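Keep the structure in view while reading.

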Amino acid sequence: MKKTSVLELLKGEKTSQKVLLKGWVRTFRANRFISINDGSTLNNIQCVLNFENTEEAVLKRIATGASLSVEGTLVESQGKGQNVEIQIEHLQILGDSNPEEYPIQPKRHSLEFLRENAHLRIRTNTFAAVMRVRSALSFAIHQYFQENGFNHVHTPIITGSDAEGAGEMFGVSALNKNTPPRKEDGSIDFSKDFFGKETHLTVSGQLEAETYAMALGKVYTFGPTFRAENSNTSRHLAEFWMVEPEVAFNDLNDNMDLSESFIKYTLKYILENCRKDLEFLEQRLLQEEKAKPAAERSEMTLTEKLKFVLENEFKRISYTEAFEILRNCKANKKKKFKYPIVEWGVDLQSEHERYLVEKHFKSPVILFDYPAAIKAFYMRLNEDGKTVRAMDVLFPGIGEMVGGSQREERLEVLKEKIKALDIDEKELWWYLDTRKYGTAVHSGFGLGFERLVLFVTGMSNIRDVIPFPRTPLNASF
Ligand code: 4AD
Ligand code: MG
């Protein structure tokens with residue numbers, strides 16, 4: 001017989017039919033009711049055992065976490081809580097689980113405890129829901145770009161240029177760690193390394209994506225990126241996934257429009273396609289919020305938050321306007337900020353971003369035209385000579401969701417910037433070629449995928465929305 005899934009069975013269309021199901025025991029009560037989950041949906045299916053026909057030895061092995069195969073008839077359920085159930089006719093234990101040792105008991109576990117058991121935490125309702133939503137979000141992202149004429153580009157993960165300046169990089173080397181070849185001055189001789197030069201894990205696929213946008217027009221990358229910054233926060237990972245569209249002939253306004261339409265599409269997709277998991281995550285969040293002091297509780301439920309973002313326009317303001325709002329706000333005057341806002345040109349910290357988004361505007365905000373000195377070399381210089389066409393999309397509870405810009409398309413201006421920052425022009429010869437041959441206005445951005453998953457699932461720590469998080473001092477599993 002062909003095996004079916006819990007999702008399929010709960011639709012109730014197979015009533016009175018013989019079915020075969022394989023899954024894991026969630027609970028077993030009264031020596032009779034086995035609740036089975038197979039990951040296809042949040043819900044379990046109740047399977048009813050006729051224990052007079054079941055050997056004592058088999059009964060004992062039906063424990064939380066064990067894998068089973070059951071064959072039986074799908075019938076309408078007599079009991080409360082489910083419409084259908086399986087009357088078991090044949091049961092086989094596929095894999096035992098020792099109930100005394102199995103860490104995932106049918107009770108509430110702390111997220112910290114589950115992080116230490118990341119290989120098993122996916123067997124809880126919370127993580128299964130988060131990871132199904134994560135998968136759906138990934139699909140929605142590809143669907144948005146594919147439907148809108150973008151080409152997916154697989155940019156390299158090992159990079160030979162470390163010029164982007166987006167963060168500290170991890171080295172990639174095949175040299176013997178204990179006895180690497182050395183130059184006369186004692187430094188490691190990377191010309192003897194695998195690639196004949198020093199290489200790193202990429203911090204972003206942008207520079208390569210730009211070269212592709214200059215031929216395919218609209219492209220996007222969606223891959224893992226790596227940053228060796230020592231930021232132990234609930235918003236940073238050392239390995240995370242980034243979505244980076246890049247579009248020829250788009251200016252900064254087009255870029256802002258794209259980011260807003262793209263994010264809204266993915267939220268709409270989740271609201272329409274992940275109802276069950278969202279409802280569960282919404283309840284989980286309500287429970288979590290109850291434990292907080294009243295003043296810190298969110299006024300909106302998870303679904304309300306998603307709808308709010310979907311139905312409202314993102315506020316667009318320049319860095320200079322934001323700077324004035326922050327400088328004159330009560331929090332700043334009463335010295336409530338850890339980093340007081342005094343002089344134009346300072347980089348905004350997450351406390352400032354969150355003030356703008358959560359207290360002042362109460363909606364996502366796109367900040368643009370940042371001071372050149374705090375942004376990357378490739379961003380287009382404005383006529384004022386001191387700001388660049390940068391944009392950050394800031395989200396409630398998250399802070400920076402997107403970072404992007406219109407790119408500097410003028411070869412001479414770009415060269416000046418590179419020189420001023422002491423970057424070796426030779427390193428970037430291929431990047432500069434895009435400005436030499438058929439240069440054009442173009443723009444793009446990077447969205448931190450896990451930050452989007454955080455927002456959509458209502459989870460509060462980024463370590464809980466990626467299967468196996470990599471953070472400082474943690475690369476288990
Ligand atoms: O602002 P960032 O550094 O921008 C870039 O890397 C550009 N090259 C993107 C582009 O224009 N194509 O990073 C983009 C986004 C951030 O807004 C944030 O959401 C996320 O990536 N991000 C991180 N997410 C998790 N952990 C980290 N350590 C992150 N650093 C950045
Ligand atoms: Mg940024």
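N125, T126, A129, V130, R132 and V133 are the helix 4 side of a contact with helix 7. Helix 7 answers with D277, F280, L281 and R284. By class, the residues of this contact are 5 nonpolar, 2 polar and 3 charged. The model is predicted.

Now the geometry of that pair. Helix 4 spans residues 125-147 and helix 7 spans residues 275-290. Their axes come within 9 Å and cross at roughly 130 degrees. That angle makes helix 4 oblique to helix 7. The crossing of helix 4 and helix 7 is left-handed.

A second pair joins helix 6 (residues 252-273) and helix 14 (residues 449-457). The axes of helix 6 and helix 14 come within 11 Å, crossing at roughly 45 degrees. Helix 6 and helix 14 are therefore oblique to each other. Their crossing is right-handed. Helix 6 contributes I263, T266, L267 and I270 to the contact. Helix 14 contributes L452, F455 and V456.

Next, the ligand. There are 24 residues around ligand 1. Which of them come nearest? Those are Q206, R227, E244, E400 and M401.

| Side chain | Ligand 1 atom | Distance |
|---|---|---|
| R227 | oxygen | 2.8 Å |
| E229 | nitrogen | 3.3 Å |
| E400 | oxygen | 2.6 Å |

R227 and E400 are among the residues that come nearest to ligand 1. The R227 side chain has an N or O atom 2.8 Å from a ligand oxygen. For E400, the corresponding distance to a ligand oxygen is 2.6 Å.

Note on methods. Residues numbered from 1 in each chain as written. Chains lettered and ligands numbered in written order. Predicted model: local features only at pLDDT ≥ 70, side-chain atom pairs only at ≥ 80, totals over all residues. Heavy atoms only, no water. Axes fitted to C-alpha atoms, helices over the stretch in contact; angles between N-to-C directions. Helix = DSSP H or I, 4+ residues; strand = E, 2+ residues; numbered from the N terminus. Parallel < 35°, antiparallel > 145°, perpendicular 65-115°, else oblique. Left-handed = near helix turned anticlockwise from the far one by under 90°. Contact = heavy atoms within 4.5 Å. Nonpolar A, V, L, I, M, F, W, Y, C, P; charged D, E, K, R; others polar. Near = heavy atom within 4 Å. Polar contact = N/O pair within 3.5 Å; in protein donor to acceptor, adjacent residues only side chain to side chain.
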